[in-house]
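Please look over the sequence and structure first.

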Amino acid sequence: AKAAGRNAMCFFDPDMQEVMNARVILESDLHKSWERNEFVLHYQPQVDGNGVVGAEALIRWQHPRRGLLPPAEFITQTEETGLILPLGNWVLEAACIQLATWSERPETAGLNLAVNVSPRQFCQPDFVELVISTLERSGADPHRLKLELTESVLVHNMDETIAKMTALKAKGVGFALDDFGVGYSSLYYLKRLPLDWVKIDQSFVRDVPTDANAATIVRAILLLAKSLELAVIAEGVETAAQRDFLVKHGCTAYQGYLFSPPLPLDQFEEFMAGRDGQ
Ligand code: C2E
Ligand code: CA
Ligand code: CA
Ligand code: CA
């Protein structure tokens with residue numbers, strides 16, 4: 001409210017009006033884009049000491065006027081409007097179909113695919129049935145599907161969360177705790193949840209090895225994960241120095257621009273074919 005006097009009503013502030021207009025336009029665009037199938041998945045390789053072991057599916061919006069938009073531009077709105085439910089289910093379905101396709105080609109047969117699950121999506125009462133039916137319809141191997149949850153999923157109802165995870169794990173589905181280290185009660189969750197992996201948040205990875213606090217936190221996460229027999233994947237690895245630090249302290253899997261940015265499907269498959277031929 002830069003020029004507004006003390007008594008001006010915020011509602012008539014032109015800046016505020018602009019923000020509201022932008023929001024209404026975004027919501028209406030989102031609604032249309034859903035009908036026009038303007039969403040796509042990109043795939044970011046996840047690597048270990050032997051090469052690519054999988055990918056994370058990351059959503060993009062092919063906007064008719066604004067070009068390819070990252071999730072930061074629209075995911076919050078889809079959560080607020082509820083569009084995240086059909087959108088999240090579409091992501092899951094598209095990912096499972098992709099997994100089934102990959103399993104039939106030698107270059108991609110062994111790949112895992114990680115899918116981000118939003119809190120609202122996970123909290124649907126029929127989430128477990130939905131995942132199972134999507135797996136069955138697509139023919140994807142449940143053991144290749146990894147669901148990435150953030151702590152915000154978990155705070156709703158711990159017992160229900162554990163029950164849902166356990167039911168899906170019985171089918172072979174794996175779970176990762178995303179953005180590990182940024183929340184408040186992570187240690188508690190880590191101990192109680194039937195997790196397979198934790199993903200060290202990129203905000204910590206970014207500052208190693210130079211920042212002493214980040215280095216201490218990353219080392220602590222790696223030690224803790226080891227003692228709890230959890231696998232760890234570090235995200236946002238951009239430099240060889242970061243990777244070397246992680247390797248030295250026992251990390252075994254990585255994701256980040258150092259290896260590859262998220263890629264459109266055709267480029268991801270080229271990337272895999274290229275590696276195979278090396
Ligand atoms: P995330 O799950 O933490 O995903 C990692 C983000 O880090 C991705 O951003 C990825 O492009 C980015 N990234 C990867 N490597 C590097 C690196 O070396 N350096 C830096 N600076 N960044 C790197 P992206 O694709 O923009 O996605 C942002 C967030 O949007 C994701 O964070 C995730 O929370 C959410 N998201 C993405 N796809 C989906 C989806 O299908 N469903 C839901 N519910 N959320 C999604
Ligand atoms: Ca993720
Ligand atoms: Ca993450
Ligand atoms: Ca993140």
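## Second largest pocket

The second largest pocket holds about 240 Å³ of space. A pocket here is an open set of points on a 1 Å grid over the protein atoms alone, where a 1.4 Å probe fits, with protein on both sides within 12 Å along at least five of seven lines; lining residues have an atom within 4 Å of a point. Grid points are joined across faces, edges and corners, and a volume is the space filled by probe spheres set on the points. Of the 17 lining residues, Gln46, Val53, Trp197, Ile233 and Ala253 are the closest to the centre.

Strands 1, 2, 4, 5, 7 (197–200) and 8 (231–235) each supply at least two residues of this lining. Strands (E, at least two residues) and helices (H or I, at least four) are DSSP runs, numbered from the N terminus. By class, the lining divides into nine nonpolar, four polar and four charged residues. Ala, Val, Leu, Ile, Met, Phe, Trp, Tyr, Cys and Pro count as nonpolar, Asp, Glu, Lys and Arg as charged, and the others, Gly among them, as polar.

## Basis of the model

The model is predicted: local features need pLDDT of at least 70, side-chain atom pairs count only at pLDDT 80 or more, and totals for chains, interfaces and linings use all residues. Residues are numbered from 1 along each chain as its sequence is written, chains are lettered from A and ligands numbered from 1 in the order in which they are written, and side-chain values use heavy atoms, leaving out hydrogens and water.

## Largest pocket

About 1000 Å³ of space lies in the largest pocket. It has 39 lining residues, and Glu56, Leu58, Pro71, Asn116 and Asp178 are the closest to its centre. Strand 2 gives the most to this lining, with five residues. The classes are 17 nonpolar, 12 polar and 10 charged.

## Strand 5

All five residues of strand 5 (145–149) are buried, meaning under 20% relative accessible area (1.4 Å probe, protein chains only). Leu145, Leu147 and Leu149 point one way, Lys146 and Glu148 the other.

Strand 5 pairs in parallel with strand 4 (112–116) over four bridges; pairing needs at least two DSSP bridges. Asn116 stands opposite Glu148. Four bridges also join strand 5 to strand 6 (174–180), again parallel. There, Leu149 has Leu177 as its bridge partner.

## Leu224

Leu224 sits in helix 10 (212–227). Leaving aside residues up to four places away in sequence, Leu224 touches Leu187 and Leu190, with contact meaning heavy atoms within 4.5 Å. The C-alpha atoms of Leu224 and Leu187 are 9.1 Å apart.

Key
Buried means under 20% relative accessible area, exposed over 50%, partly exposed in between (1.4 Å probe, protein chains only).
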